[in-house]
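Q: Can we walk through the charged side chains in this one, and then the overall form?

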Amino acid sequence: MTEREIPDAYLEGYARILAEVSATGRRLTRQEIESRRALGEQAADAGHGLRALVGAHLAAARTARPGAPGSVDSTLAAVQQVVDAFAEGYERAQLLAVRQEEAARREFIDDLLYGRSDLGRLAERAERFGLRLSHAHAVAVAQGRAAYGEGDPVPRQVEHALIARFGNRNVLLTTKDGRLLCVAPGHEDEVLPYFAKQAHAATEGGRVAIGRLQPGPGGVVQSYEEALSALAMAERLGLDDPVLRAADLLVYPVLTRDRQAMADLVVNTLGPLTTARGGAQPLLDTLTAYFESGCVAAEAARRLSLSVRAMTYRLDRIHQLTGANPADPAHRYKLQTAVIGARLLDWPAEEL
C-alpha cells in the first residue's frame with residue numbers, strides 16, 4: 001500500500017526554523033518545540049504513518065539545506081530536535097487513542113457480560129470488536145492461581161496461540177475479575193476447546209469452564225454465567241477435571257434450585273453423623289470416596305489410604321447412625337444425593 005502524501009501543513013514553519021538555526025546556531029525555543037509536538041499529534045489523529053512523516057521532514061531538510069560552510073552541524077541538530085518533538089507528539093496522540101480504545105473495549109465487555117446496555121445498541125457496538133450478536137455464542141472462562149490483567153503475559157500467550165491457529169474468526173479474548181475469557185460463535189466449535197487447552201497450559205494447571213451455546217444478544221451473558229457457575233460448583237464439589245462443561249453439570253443446579261429442601265435432606269439424612277467420634281466430616285469423606293469409586297469398597301479404601309477392614313467399619317457405622325445402608329441400592333440414591341447436597345452447601349462446616 002502506497003503511503004499517502006504528507007500535507008505541507010505538518011511542516012509549517014519548519015523551513016524557517018532551519019534557516020534561522022543555520023544562520024545563528026541557536027537551539028529551538030520552547031514554543032517551537034511545542035508547536036512541533038502539536039503538529040505530531042495532529043498528524044497521528046489524521047492517520048498518517050510516522051515513517052512517512054519523518055521522511056517528509058528529512059526531505060524538507062535537504063531542500064532547505066543552507067549553502068554556507070559550517071552550518072551543517074547546527075542544521076542537523078535542529079532537524080534532530082524537530083523530529084524528536086514531532087515524534088513525541090505523535091506517540092502521545094497514539095497512546096491517548098490506545099487508552100481510549102481500551103476504555104471503550106472495557107466498557108463494552110462490562111456491558112456485554114452484565115447485560116447493562118440496550119441489546120440493540122450492544123449488538124451494534126459488538127461488531128466493532130468482531131462479534132455478531134445475532135449469532136449464537138458460547139463463553140469459556142479460565143481461572144488460574146493468579147489474577148490476570150488485559151496486558152499480562154498469560155493472556156497475550158493464549159491470544160497469540162489462538163490467532164496462530166484460527167486467525168481472525170470473530171473471537172473475543174479478554175480478562176474479567178482476574179480470569180481469562182473467550183467468546184466464540186457457535187459455528188466455530190473448535191475455538192473454545194483449543195482455548196481451554198492453551199489456557200490450562202498457560203495458567204500452569206488452571207481450570208477452564210465452558211458455558212453452553214446460547215442464542216441472541218443476551219446469549220453471551222447467559223453462557224458466561226453458566227461458566228462461572230461451573231467453576232464455583234467444581235470448587236465446592238472438589239472436582240479435579242481441568243476442563244468443565246456446563247452442559248455436563250446441569251444436575252447440580254437442579255439439586256440446589258430449592259436450597260431449603262436440599263438443606264432438609266442433608267440434615268435429616270446425614271445429621272446423625274455429627275454424633276460420631278471425630279464428627280461428620282470423616283464419614284462424609286468416606287461416602288464421597290465410596291460413591292466416586294462406583295461403590296467398590298476396596299477402591300474407596302485405596303483413595304482414602306485406609307485398609308479395606310477400616311473402610312468396611314466406616315460404612316457399617318454410617319448404616320448404624322443413619323439407618324441407610326450405602327451398599328443397598330434402595331438407600332444409595334438418597335444417601336448420594338444428600339452427600340452431593342452437603343458438598344454444595346458446605347456442610348458440616350456451614351450450619352444449615
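A: Glu 34, Arg 37, Glu 41, Glu 88 and Arg 92 are linked in a network of salt bridges, a salt bridge being a side-chain nitrogen of Lys or Arg within 4 Å of a carboxyl oxygen of Asp or Glu. This is a predicted model, in which local features need pLDDT of at least 70 and side-chain atom pairs count only at pLDDT 80 or more, while totals for chains, interfaces and linings use all residues. Residues are numbered from 1 along each chain as its sequence is written, and side-chain values use heavy atoms, with hydrogens and water left out.

Q: How far apart are the closest N and O atoms of Glu 34 and Arg 37?
A: They are 3.1 Å apart, and the two residues sit 3 apart in helix α2 (residues 30-45), about one helical turn; helices are DSSP runs of H or I with at least four residues, numbered from the N terminus.

Q: And Arg 343, buried or exposed?
A: Arg 343 is buried, at 19% relative accessible area, where buried means under 20%, exposed over 50% and partly exposed in between (1.4 Å probe, protein chains only). Arg 343 forms a salt bridge with Glu 292, with the closest N and O atoms 3.2 Å apart. Arg 343 belongs to helix α14 (residues 329-344) and Glu 292 to helix α11 (residues 281-292), so the pair ties together parts 51 residues apart in sequence.

Q: Switching topic, what does the C-alpha trace span along its principal axes?
A: The C-alpha trace of the protein chain spans about 110 × 40 × 35 Å.
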